[in-house]
Amino acid sequence: MTTAPAAAAEVIEQRSLVAQIKLVSKLLRKRFDERARAVALSEGAGWGEALTQAQWRALATIYLNAGCTQKELAERLEIGAVATGQTIDRLERLQWITRSSDPGDRRVNRLHVTDTALPILERLGVFADREHYFADVGLPPEKLAQLTALLDEVIENLSA
């Protein structure tokens, strides 16, 4: 008879690459959400209390992808156009983002974070490093570089 910890270890060993990547993504989002919730609680009745998970993620994503469109934001967040529009409207009302017209296509708006949002982003830890704002995964730099290189290969192979 297999003990529970041994059975759990066996399941972990059998995870596919896709399952591992999904789990890492989920855990990174969870870590960010916990940080955002802690910031909201420390602010009391301030900004964070009114923000949803989607709004925190959208604000950080707009900062990290300055000038993205609403459609691009929806794709990155993997949410629908209506939910994205509502999130953008809320962040704009808070004066944390602005919409600016795209010079090449007047039907398109580009999204940018305002200076008002910078203290919030700083508290959320987004400024630490644009490429690695979630990089505190407990790996030494050389292993993280190796993992990143391998994942880049996977991405390139899947994109071909």
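The protein has 7 helices and 2 strands, taken as DSSP runs (H or I, at least four residues, for helices; E, at least two, for strands) and numbered from the N terminus. Read from that end, the order is α-α-α-α-α-β-β-α-α.

Residues are numbered from 1 along each chain as its sequence is written. Local features need pLDDT of at least 70 and side-chain atom pairs count only at pLDDT 80 or more, while totals for chains, interfaces and linings use all residues, and side-chain values use heavy atoms, with hydrogens and water left out.

On confidence, the average pLDDT (the predictor's confidence in each residue, from 0 to 100) is 79 for the protein, and 74% of the residues score at least 70. Residues 129–134 fall below 50, and in the model this stretch has 10 contacts beyond near neighbours in sequence. Where pLDDT is low, the predicted coordinates should not be read in detail.

As for the surface, the protein exposes about 10900 Å², with carbon and sulfur atoms supplying 54% of it; areas come from the Shrake-Rupley method with a 1.4 Å probe, and for residues only the protein chains shown count as cover. Of the 160 residues, 26% count as buried, that is, under 20% relative accessible area, against over 50% for exposed and in between for partly exposed (1.4 Å probe, protein chains only).

T114 sits in the loop between β2 (105–113) and α6 (118–124). T114 counts as buried because its relative accessibility is 15%. Leaving aside residues up to four places away in sequence, T114 touches Q95, W96, I97 and T98. With Q95 there is also a polar contact (a pair of N or O atoms within 3.5 Å; within protein, one able to donate a hydrogen and the other to accept it, and residues adjacent in sequence counting only if both atoms are side-chain atoms): the T114 side chain reaches the Q95 backbone oxygen at 2.6 Å.

Q95 itself belongs to the loop between α5 and β1 (97–102). Its relative accessible area is 54%, so Q95 is exposed. Although not a glycine, Q95 has a positive phi of about 65°. E78 is another non-glycine residue with a positive phi, of about 55°. The place of E78 is the loop between α4 (70–77) and α5 (81–93), and at 71% relative accessibility E78 counts as exposed.

Technical notes. Contact = heavy atoms within 4.5 Å.
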